[in-house]
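Please read this briefing with the sequence and the structure side by side.

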Amino acid sequence: MSRPIVATIHTAALRQNLAIVRQAAANSRVWSVVKANAYGHGIDRVWQSFSDTDGFALLNLEEAILLRERGWKKPILLLEGFFHRDELEIIDRYRLTTSVHSNWQIKAIAEAQLSAPLDIYVKMNSGMNRLGFQPEMVYNAWQKLRALDNVAEMTLMAHFAEAEQPEGVTVPMQRVEQAAEGLNCRRSLANSAATMWHPETHFDWVRPGIILYGASPSGQWQDIAGSGLQPAMTLSSEIIGIQNLQAGDGVGYGSRYRASAAQRIGAVACGYADGYPRHAPTGTPVMVDGVRTQTVGAVSMDMIMVDLTPCDRAGIGSKVELWGNAVKIDDVASAAGTVGYELMCALAPRVPVVTE
Ligand SMILES: *Cc1c(COP(=O)(O)O)cnc(C)c1O
């Protein structure tokens, strides 16, 4: 037997989550966002579970090419467009939809030798101030692109900075409407939070990511607990050692935890080199043999220690769930001061992955 840690990808959960997106945005088409290797789940492992989607959205040409090589014929959207003009040759060859957020990209498209016109997403800055044209610049960019023989269908695209807030889309939506005036354009605005909580943003295409993987865009599992969304990844391992502490004994590097009384603890084969967050403090939730307990002491590279006080029958070989259906990735992430997104994406290459 090798080291017992394993990540399990649940294809039924992926399918179910896409079906829930479809219900939530019944009149829109869906870009399933599979950037960052499908949020750490593996594009190759998940894309077939999403085959009911209308398109895939991602960042890397490599990821787009992989999908085309697997036989995906429907649209693929490059969320950040091309980074260098020479990528247009591949975008053309693989028939990718590219976003355009800067004037140099318009010039590059105008000058490219393409086999057929490309579908374009014009990315505007609706207030997040990362990528995109200012609202008052959109009309001009749009007309320049519209006039090009190299451009086919065009869509206006924006991205929300705080769609998990009740009023979080109000001002950005005003900026979108300002930009769209006189264009009579298709729109794609909604990330997961807007797909779930702001139906007025849905328009032609929604772009959910995190909810397809069954974690909350707000970082709080309670916010999606009643939605039917299911965690698509379980990270599990086993207890590989037991220690019986006396009052005053320290645990792990820096002795960051000390027992205040006699206490039984277990060593779990999972550490930060597997992608478990090193900042997870004592008290981070974990399941041992189906019993909820908590971590104690610092997370080390290859191990974490867990309190076995509530787990009388636990011993070497006991099953441990680091995150999954019982321990939500959102709860582990918030204990560690981060979000489920980061933990999923940080799943380390050394962790074996199985799909079920
Ligand atoms: C990542 C991303 C999304 C998906 O965001 P989620 O919060 O995971 O739903 C949508 N649109 C753009 C432009 C993105 O970069």
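In which strand is Met157 found? Met157 is found in strand E7, residues 151-157, where helices (H or I, at least four residues) and strands (E, at least two) are DSSP runs numbered from the N terminus. This is a predicted model, in which local features need pLDDT of at least 70 and side-chain atom pairs count only at pLDDT 80 or more, while totals for chains, interfaces and linings use all residues. Residues are numbered from 1 along each chain as its sequence is written, and side-chain values use heavy atoms, with hydrogens and water left out.

**Met157**
- Met157 is buried because its relative accessible area is 1%, and buried means under 20%, exposed over 50% and partly exposed in between (1.4 Å probe, protein chains only).
- Leaving aside neighbours within four places in sequence, Met157 is in contact (heavy atoms within 4.5 Å) with several residues, including Leu79, Tyr121, Ser188 and Arg207.
- Between Met157 and Pro281 there are 124 residues of separation in sequence and 39 Å in space, taken from C-alpha to C-alpha.

**Sites from the UniProt record**
- The unreviewed UniProt entry places the feature "binding site" at Arg130 and Met301; UniProt positions are given in the numbering used here, feature names are shortened, and annotations may be inferred rather than shown by experiment.
- These positions span 172 residues in sequence and their farthest two C-alpha atoms are 34.2 Å apart, so they do not all gather at one spot.
- Arg130 sits in the loop between strand E6 (118-123) and helix H7 (135-146), and Arg130 counts as exposed because its relative accessibility is 59%.
- Met301 belongs to the loop between strand E15 (291-296) and strand E16 (304-307), and with 42% relative accessibility Met301 counts as partly exposed.
- Not counting residues up to four places away in sequence, Met301 touches Gly271, Tyr272, Ala273, Asp274 and Arg350.

**The annotated domain**
- According to the unreviewed UniProt entry, the annotation "domain: Alanine racemase C-terminal" covers residues 232-356.
- The span 232-356 is 10% helix and 36% strand, and its end C-alpha atoms lie 10 Å apart.

**Glu87**
- Glu87 lies in the loop between strand E4 (76-78) and helix H5 (88-93).
- Residues touched by Glu87, not counting those up to four places away in sequence, are Leu61 and Phe82.
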